[in-house]
Amino acid sequence: ETRIQMALGDPYLQKTITAVSEILRSEREVAAKTQAIRNHLSEVESDKRYFIDAEFPQHLYWFNISDQMGLKFSDHLRGKIVILDFFTYCCINCMHILPDLHDLEEKFCDSGVVVIGVHSSKFPNEKGSENILNAILRYNITHPVVNDANIELWDRLNVSCWPTLVLIGPNQKLLYYIIGEGHTQELSLVVETCVSFYKEKNQLNIDTIGIALEKHKSAIWGLYFPGKIIYNPLKKQLYISDSSNHRILVVDRDTGLVVHTFGSGKPGLKDGVEEEAEFNTPQGMSYYEECLYVADTENHSIRKIYLQSGQVETVVGTGYQGNDKEGGRKGRSQEISSPWDVIVGCGAGSDHPNVLYIVMAGIHQIWAYFIEDSNWFKGSNHIQDTVIRMSGSGEEANRNNSFPHKASFAQPSGLALDNKTNMLFIADSESSTIRSVSTMNGSVKALLGGALDPMDLFAFGDEDGKGRNVRLQHPLGVAWDETKQLLYIADSYNHKIKVCDPALKTCTTIAGNGQPGLKDGQFLEAQFSEPGGLCVADNGRTLFVSDTNNHLIRVLDLELKTVRQFNIVFPQDKVMNMDTIDAPHSYTPLTSKRAKQVTFDPIPVSCDEVVTLKVNVGLSEGLKLHNEQDSMWQVIPMPLISISPDCPSRGTLHHSVLVSFNLLSDKLEEPTCIVQPASMQIEIVVYYCSEADGVCLMHQAILNLPLVVSADLKPPTYHSISYVIDKTD
């Protein structure tokens with residue numbers, strides 16, 4: 001019993017597995033390493049001390065599986081080699097091993113190997129299953145994941161850090177464990193040898209476990225987890241990193257029209273013109289001299305977009321994750337690790353912009369890329385196209401120091417620049433702090449938040465105040481207001497927008513009620529969901545926010561103190577996931593992923609008749625429509641559906657919607673009058689208030705009406721359906 005509870009903390013197991021690990025990380029031949037693993041597995045099978053109780057508690061919430069009761073070692077996982085990935089979705093190191101796990105899934109999918117993500121949260125915000133679902137979709141995780149919100153399995157197995165991989169054999173014995181990232185070859189060899197070993201013993205169960213991917217359960221149109229946003233006042237354009245659609249959008253600020261798209265929409269690393277190019281989860285951007293520099297995060301590269309020609313080229317990075325913490329090479333020969341944000345500014349002693357500053361989240365440092373030959377700290381010089389470390393030792397910590405290479409960061413993710421004071425501002429996400437770095441000498445100082453102990457990365461919360469008394473929760477974005485000399489902060493896991501006066505070191509919440517959601521209106525009533533980036537416009541009167549998990553851009557009017565959505569108009573061929581849809585010239589979704597999905601009973605229709613559909617939208621007793629905020633409806637363009645020319649496809653919603661449409665018979669399979677699926681979908685956004693207390697809310701829904709082409713030549717041509725919004729919705 002004691003051994004079971006100690007698990008990874010058992011001295012004997014630690015000693016034996018560490019001995020194998022030392023061999024695998026040595027310079028020995030592969031054959032010798034393989035034999036060491038096989039010898040170890042033989043010992044495991046003959047020694048009951050390796051048995052561990054890794055059974056999942058029954059009440060946990062699961063993702064990516066068809067059986068929502070969850071997986072069990074006593075059932076689905078009997079005879080499997082199971083890799084438990086203890087991770088938390090904020091952790092950059094955890095993100096780094098996902099490609100390794102994906103490769104193992106593909107290589108051994110028919111060999112009895114199962115990867116299971118055990119989400120063990122660091123931050124309170126990460127405990128919520130909906131937030132974990134967003135992370136699964138954002139990172140395209142395709143293996144089962146379980147939400148161990150109270151870290152029960154973590155404690156039982158004595159796991160101590162993220163990420164930790166625990167390998168459990170077909171007889172529920174601990175085979176091996178790996179802590180941290182950067183052990184790709186070791187992991188692959190261990191798994192391959194385990195498969196061979198247990199296959200020889202005929203102990204592997206190769207039956208499927210019932211995968212049901214979350215990404216197949218919902219479709220997102222338009223933006224998909226947008227990361228960062230910047231504004232160009234001269235061109236009145238917004239540049240948006242549509243991160244999980246792997247593209248950069250150039251959007252007209254006045255009309256919302258997407259005027260340029262860079263990236264094919266598929267993850268990859270490819271230079272080319274506009275949509276010929278490929279990105280992989282791009283994040284931060286910086287505009288300089290008709291060019292846009294882009295932190296292409298999961299390509300571990302910096303890309304440069306020539307906005308006039310549309311050409312995209314790679315200027316920094318090899319395309320592979322590196323662990324070099326010094327730099328010094330030319331751009332494309334220098335390996336880097338998960339750049340998250342960039343900004344062009346003046347280097348030490350320069351009177352014009354000559355350096356691209358980079359927050360390197362993957363190795364916890366700030367780097368510099370020299371756009372031209374430049375002077376640098378202590379009289380040093382660097383030639384054009386060189387990339388070097390600027391600040392940070394590479395240790396993950398919250399250490400401030402006047403010597404730049406002795407300072408430490410913890411997953412820096414946001415970057416802003418005050419040209420007047422030559423100061424960079426850093427959103428240091430894992431320490432939940434805002435830090436400042438001098439562009440004159442690289443010295444690092446504390447601005448907001450953080451513990452006195454530099455190794456304490458758990459000083460987070462949600463408290464306004466001054467200096468170290470401030471508490472943030474994993475802030476990802478900062479934006480500098482040159483006019484007002486203020487710093488705006490996307491306090492991501494608190495779902496808030498805050499403002500800092502660096503001169504006074506004060507921090508105040510300006511928007512967001514602290515609960516994840518989607519709600520417009522007055523600042524402190526509004527809701528966001530993990531906003532990841534923001535920018536200042538109109539001389540400090542407006543903020544644009546990338547509301548990441550809502551898949552939206554929000555607009556904050558700093559004078560009226562209101563929040564609203566910024567509608568982006570996509571040309572038809574730029575709307576993601578709509579390859580089969582016959583859309584009009586443009587389509588802008590009204591709703592987000594949070595919209596309630598409602599499906600009605602199918603109705604029969606004829607392929608040569610115009611059908612009129614009335615949708616009655618009601619409110620339950622005690623609710624009323626908002627007097628000042630218009631509710632809206634819109635038909636979602638769908639295959640086979642044609643809206644009558646004299647019938648609007650969107651409008652203001654009062655109490656009902658009337659739509660006339662017909663099926664496109666030339667797109668039906670022959671013969672036309674057979675049972676064939678089609679669908680009419682209407683999205684609604686309803687603003688309503690409680691008559692009792694006056695609290696106002698927003699309700700989003702997508703109403704799905706399946707259509708069946710009827711063999712009956714004369715089905716009804718008029719249909720009416722009703723949908724009622726309840727107080728609990």
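Trainee: What makes Tyr89, Phe123, Phe458, Phe460 and Tyr493 a cluster?

Mentor: In this predicted model, ring pairs link Tyr89, Phe123, Phe458, Phe460 and Tyr493, and a search of the whole structure finds 18 aromatic pairs.

Trainee: Why is the pair of Phe123 and Phe460 called tilted?

Mentor: The ring centres of Phe123 and Phe460 are 4.8 Å apart, and centres within 6.5 Å make a pair; their planes are at 55 degrees, whereas stacked needs under 30 degrees and edge-to-face over 60, so the pair is tilted. Phe123 lies in the loop between strand E3 (113–119) and helix H5 (129–139), and Phe460 in the loop between strand E26 (444–448) and strand E27 (465–466), so the pair ties together parts that are 337 residues apart in sequence.

Trainee: How do you know whether Phe123 is buried or exposed?

Mentor: Phe123 has a relative accessible area of 0%, and buried means under 20%, so Phe123 is buried.

Trainee: What makes the pair of Tyr12 and Tyr50 edge-to-face?

Mentor: The angle between the planes of Tyr12 and Tyr50 is 65 degrees, with 6.2 Å centre to centre; planes over 60 degrees apart count as edge-to-face, so the name applies. This pair links distant parts of the chain, with Tyr12 in helix H2 (residues 11–24) and Tyr50 in the loop between helix H3 (30–46) and strand E1 (61–63), 38 residues apart. Tyr50 is buried at 0% relative accessible area, while Tyr12, at 24%, counts as partly exposed.

Trainee: How do you know that Arg49 lies over the face of Tyr12?

Mentor: Arg49 is at 3.7 Å from the ring centre of Tyr12, where the distance limit is 6 Å, and Arg49 lies over the face of that ring. Elsewhere, the charged end of Arg303 sits over the ring of Phe279, 4.8 Å from its centre.

Trainee: Why are the buried residues of H3 said to be on the same side of H3?

Mentor: The buried residues of H3 are Lys33, Ala36, Ile37, His40, Leu41 and Val44. They cover an arc of only 135 degrees around the axis, which puts them on the same side of H3. In an α-helix there are 3.6 residues a turn, so residues three or four places apart point the same way. The buried residues of H3 pack against H2, strand E6 (174–179) and helix H7 (184–200), whereas Ala31 and Ser46, on the other side of H3, are exposed.

Conventions:
Residues are numbered from 1 along each chain as its sequence is written. This is a predicted model: local features need pLDDT of at least 70, side-chain atom pairs count only at pLDDT 80 or more; totals for chains, interfaces and linings use all residues. Side-chain values use heavy atoms; hydrogens and water are left out. Rings of Phe, Tyr and Trp (its six-membered ring) pair if their centres lie within 6.5 Å; planes under 30 degrees apart count as stacked, over 60 as edge-to-face and the rest as tilted. Helices (H or I, at least four residues) and strands (E, at least two) are DSSP runs, numbered from the N terminus. Buried means under 20% relative accessible area, exposed over 50%, partly exposed in between (1.4 Å probe, protein chains only). A charge sits over a ring if NZ of Lys or CZ of Arg is within 6 Å of the ring centre and within 35 degrees of the ring normal. The arc is that of the directions from the helix axis to the C-beta atoms. Contact means heavy atoms within 4.5 Å.
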